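These are my notebook entries on a structure I looked up element by element. I record what I checked and what I found.

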Amino acid sequence: MSDSPRALGAPAVRREGRDKVTGTARYAAEHTAPGCLYGWIVPATVPTGRVTAIRTAGALAVPGVHTVLTHDNAPRLKEPDDPILAVLQDDRVPHRGWPVALVLAESLESARAGADAVYVEYATTEHDVVLTGDHPGLYTPKEANGGHPALRERGDAMSAFDAAPVRIDATYTLRGLHNHPMEPHASTARWADGHLTVHDSSQGSTAVRNSLATALGLDRDRITVISEHVGGGFGSKGTPRPQAVLAAMAARHTGHPVQLALPRRYMAAIVGHRAPTLQRVRLGADRDGVLSSVSHEIVTHTSRIKEFVEQAAVPARVMYASPHSRTEHRVAALDVPSPSWMRAPGEASGMYALESAMDELACALGIDPVELRLRNEPRTEPDSGLPFSSRNLTACLSEGARRFGWSDRDPRPAARQEGPRLLGTGVASATYPVLVSKAAASAQAAPDGSYRVGVNATDIGTGARTVLAQIAASVLDTPPDNVTIDIGSSDLPTAPVAGGSSGTASWGSAVHKAATTLVRRLAEHSGPLPPEGIGVTVDTGEETAQEPPYARHAFGAHFAEVAVDSLTGEVRVRRLLGVYAAGRILNSRTARSQFIGGMVMGLGMALTEGSTMDPAFGDFTESDLASYHVPSCADVPDIQAHWLDEDDPHLNPMGSKGIGEIGTVGTAAAIGNAVRHATGARLRELSLTPDKLLPYLP
Amino acid sequence: MKPFAYLRPATVSEAVRAGAGHPGSRFLGGGTNLVDLMKLGVETPGLLIDVSRLPLDGMTRTDDGGLRIGATVRNSDLAAHPEVRNHWPALSQALLAGASGQLRNTATTGGNLLQRTRCPYFQDVSKPCNKRIPGSGCPAREGTHRDLAVLGHSQDCVATNPSDMAVALAALDATVQLHGPEGVRTVQVTDFHRLPADNPDQDTVIRPGELITEVVLPPPSAGAVSLYRKARDRASYAFALASVAAVLSVRDGRVDRISLAFGGLAHRPWRARVAEDLLRGASTTGDAFARAVDAELAAARPLRDNGFKVDLARRLAIGALVELTTRAAST
């Protein structure tokens, strides 16, 4: 393979960037076909119960309203692979906001007016929506998200903790969080000649196609799902969502193309959230800070219809050496919307608690928090005993400390002041697993010397087309501009979702293999290429079938400087610096953007974001971008992402690890630790808003 | 959104006539709040009377050195106006602390005064709210109310007024000019918004058909310094948890002129008359400031989750008075 510097690693500009900034890139709700009907969901307005009657006459009388679908008349679905997709199938209301009807009309306005005119009667039952640490419904599931065992024990963590000379026992509380991508979920569906085509805002159209095939009882080859451009997802579009099923169902029922775009206010209930967690961390150490016991226990919620368990104790199985360890998840099924993936599920929430506890231990011991982490560096993955394929956490910490100017730090809390502002700095580690899935890709050489590569990757704003072109070009030894990349359609060779920071690894491996195979085929070919060119299609089933004998993770370190207004308790980040060891970085421009975006999301988790479950109504209070506080530009300060050159031969042909999520992991802890340094106050509940700080200020 | 009629009158009197003739009509300024509320189904006007192009976009000094601000002057323009920045800096600061650049470019002076509470229950038509539907109940009292009122609320309503601008105007003794079917009248900004009592559906004292035509600032008092300070959950585009506008002058080491108003605490900008009375003539010490502010906030009746606002307001007010004292000494 050619290691052309113009290809891999180069800061290539996003291929679709111009289309996006000039408004010509079309998103799922911009593929309106002639005769299109517009959908508007009628959400349940009770926390739990049953629909006893739906009166649709008023809605049908609204000019322009075509059809009202309810559980009485909606097409029957086969059992979907995800219970959240079983919409309009029965009278059950599992949570507030669940769709109980869909109004279809000739205009969006008519659909909405029609939805207002649908009259729904309910029989409500007692609801239970508030997660508590001693909730009677808590149980230990078999698995947490990602297939991780819910409980893992090594040695005797409790006895070792009791015997440890230095102990930290702290409980951290995270409210629910919402992904809130800029583009709300949307689908446009149309049937033609027995074939269903859906433009869906999704992180993976193969998965949507497969779910629709299951739910609608259709062969997969009768469905095409297109996700050409996607305005972010952060996990909320990683699994098929009800809008795709509803649009497809409605299009089939009415014979019209149907477009359904979710209003922002409906998203909190039907496109997932990061479940709240109550996390108890117990660390036992000797007086040199060497850990003897690590225990991380998670309490979280799921919905009544689906078990999703935020795997927040899993990073404790990876991070630090300790002879004794206990990591457990317990979950209660409540009458709440179904939680799901949100950027770095498990790692983002769990590393907030673990890395805060490590800082507490450093403070208790009077050991520098960077040094404490270096002292607990494991030789093999603590939980599995597997060797790491590469692990450069200590290098990230050292390099970050150097760049950040950590060595000058006065460890005393509340010692630095600038006018009315208390200044502090904090550090936390980051980790994210290397995931990869089977993918297929095609590569074709044309007689004019150009190439075309196809893979059903999805660009959710990350620059997937661009980096895949770089991968192909590096193998084909051609300029990336000479390679056309086709992505974003389920008719292309099958590929997994843009999720789990695994997209580039999975798609890129297939593209690499296709290009490599094509190069070989071309070498065997003599004479000019036939007019149709020469093409190959491959998949990585073989490469991804066996579990590698290595623990494979990216690592990183986050450093934060905060200013706490001693008058108001307002916390603002001044500097945020991340250093990552994530294998080979394939595009320095888009990689930096992903790292920084992840860090901003971690900043939001630390300081501004949170979803409040309303105990009376059973919904999340924050339902628009005025009340759900994503960081504004003014909140995002001097923010830097750096990475180490990491050569890991046990990954994939590109040598890359995923980078989409690690920026979010540990960032909140670094900021919380900096707040503690600034003020002396150890706050264990996010987000760090003025109400939390005020009791601790002079 | 319900269908509505749209009218763009050419004159104030035409606008007022249309408003008086159509109960349930609404005047449309920048629409940054009204249109949102229409999308939510909270506002369902049958007629929108677009007053944004009426000739009310002027800013002129009055004969006595005050400033007339037309009702359609955009928030950005008002904040950036050199006269405002030089003579009424608290107003400029308050405007710039509100909303986002895009919203300020659109929102008008009159509209800002008439924006509605952001109480989550008010904005959700699937839930009760006495402000939206009198008598339906107030879930906020027991529900999510961290951002809601600590002063002047009633059994029926714990909403807060969201405006930053209005808080500065209250401290600056501004007046609102109203054109109505029965003529023109002038109302103090401090009397313009009301407390909820048992009819929280009425945010203000405005009468049916009345149109805000201008806001008038009295002349700045000689030797006085002023500021607006707001505490919020994020650095931009967040409503005040609490805010303070203050105007202060010092003579012979004692407070001479004092004007103090809180935002984010009540159904209206909260002019702190109790504190002002105690401060006038008092020494300019932190202790004196604290005593006065505490006396004002003794009236606070925080709800389960918003007691921090009282502390926050106290800190903001004392901090503002200390800072203004320092500044007054150096001018």
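In what sense do β10(B) and strand β11 of chain B pair, and over how many bridges? I found that β10(B) and β11(B) (residues 254-263) pair in the antiparallel sense over eight bridges. I take two strands as paired if DSSP finds at least two bridges between them. Helices (H or I, at least four residues) and strands (E, at least two) are DSSP runs numbered from the N terminus.

Before going on, I note that this is a predicted model, in which local features need pLDDT of at least 70 and side-chain atom pairs count only at pLDDT 80 or more, while totals for chains, interfaces and linings use all residues. Residues are numbered from 1 along each chain as its sequence is written, and chains are lettered from A and ligands numbered from 1 in the order in which they are written.

**Entry: the strands of chain B**

I stayed with β10(B) (residues 242-251) and found eight of its 10 residues buried. A residue is buried if 20 or more other C-beta atoms lie within 10 Å of its own, exposed if 12 or fewer, and partly exposed in between, with C-beta atoms placed from the backbone. Ser243(B) has Gly263(B) in β11(B) as its bridge partner. Two residues lie between the strands in the hairpin of β10(B) and β11(B), where Asp252(B) takes a positive phi near 55°. β10(B) is also joined to strand β9 (residues 225-231) of chain B, by seven bridges in the antiparallel sense. There I noted Ala231(B) with its bridge partner Ala242(B).

**Entry: strand β21 of chain A**

I then looked up β21(A) (residues 440-445), where six of six residues are buried. In a regular strand the side chains alternate between the two faces of the sheet. I checked both faces and found them covered: Ala440(A), Ser442(A) and Gln444(A) are buried on one side, and Ala441(A), Ala443(A) and Ala445(A) on the other. β21(A) pairs with strand β24 (residues 534-539) of chain A in the antiparallel sense over six bridges, and Ala443(A) stands opposite Val536(A). Its antiparallel pairing with β22(A) (residues 451-454) has four bridges, with Gln444(A) opposite Arg452(A). The hairpin of β21(A) and β22(A) has five residues between the strands, and Gly449(A) takes a positive phi near 90° in it.

**Entry: a six-stranded sheet**

I traced an open sheet of chain A with mixed pairing, in the order β9-β17-β16-β15-β10-β28. β9(A) (151-154) and β28(A) (685-686) stand at the edges with a single partner strand each, so one side of each is left without a neighbour in the sheet. β10(A) (residues 166-174) and β28(A) pair in the parallel sense over two bridges; Leu174(A) has Leu686(A) as its bridge partner. Helix α8 (residues 347-365) of chain A packs on this sheet, touching β10, β15, β16 and β28 of chain A, and its direction makes about 145° with that of β10(A). For such angles, axes are lines fitted to C-alpha atoms, for helices over the stretch in contact, and angles run from 0 to 180 degrees between N-to-C directions. Residues are in contact if their C-beta atoms, placed from the backbone, lie within 7 Å.

The expected span is 1.5 Å times one less than the number of residues. For α15(A) (residues 667-679) I noted 13 residues and a reach of 18 Å, close to the 18 Å expected. Here 13 of the 13 residues are buried, so α15(A) too is largely enclosed by the rest of the structure. Just after α15(A), Gly680(A) takes a positive phi of about 85°.

**Entry: Leu423(A)**

I located Leu423(A) in strand β20 (residues 421-433) of chain A. Leu423(A) has 18 C-beta neighbours inside 10 Å and therefore counts as partly exposed. Its C-alpha atom is separated by 8.9 Å from that of Asp565(A), 142 residues apart along the chain.

**Entry: the contact between chains**

The contact takes 26 residues from chain A and 26 residues from chain B. On the side of chain A that touches chain B, α3(A) (108-117) and α16(A) (690-693) are the elements giving two or more residues, and α3(A) gives the most, with four residues.

Terms used. Contact = placed C-beta atoms within 7 Å.
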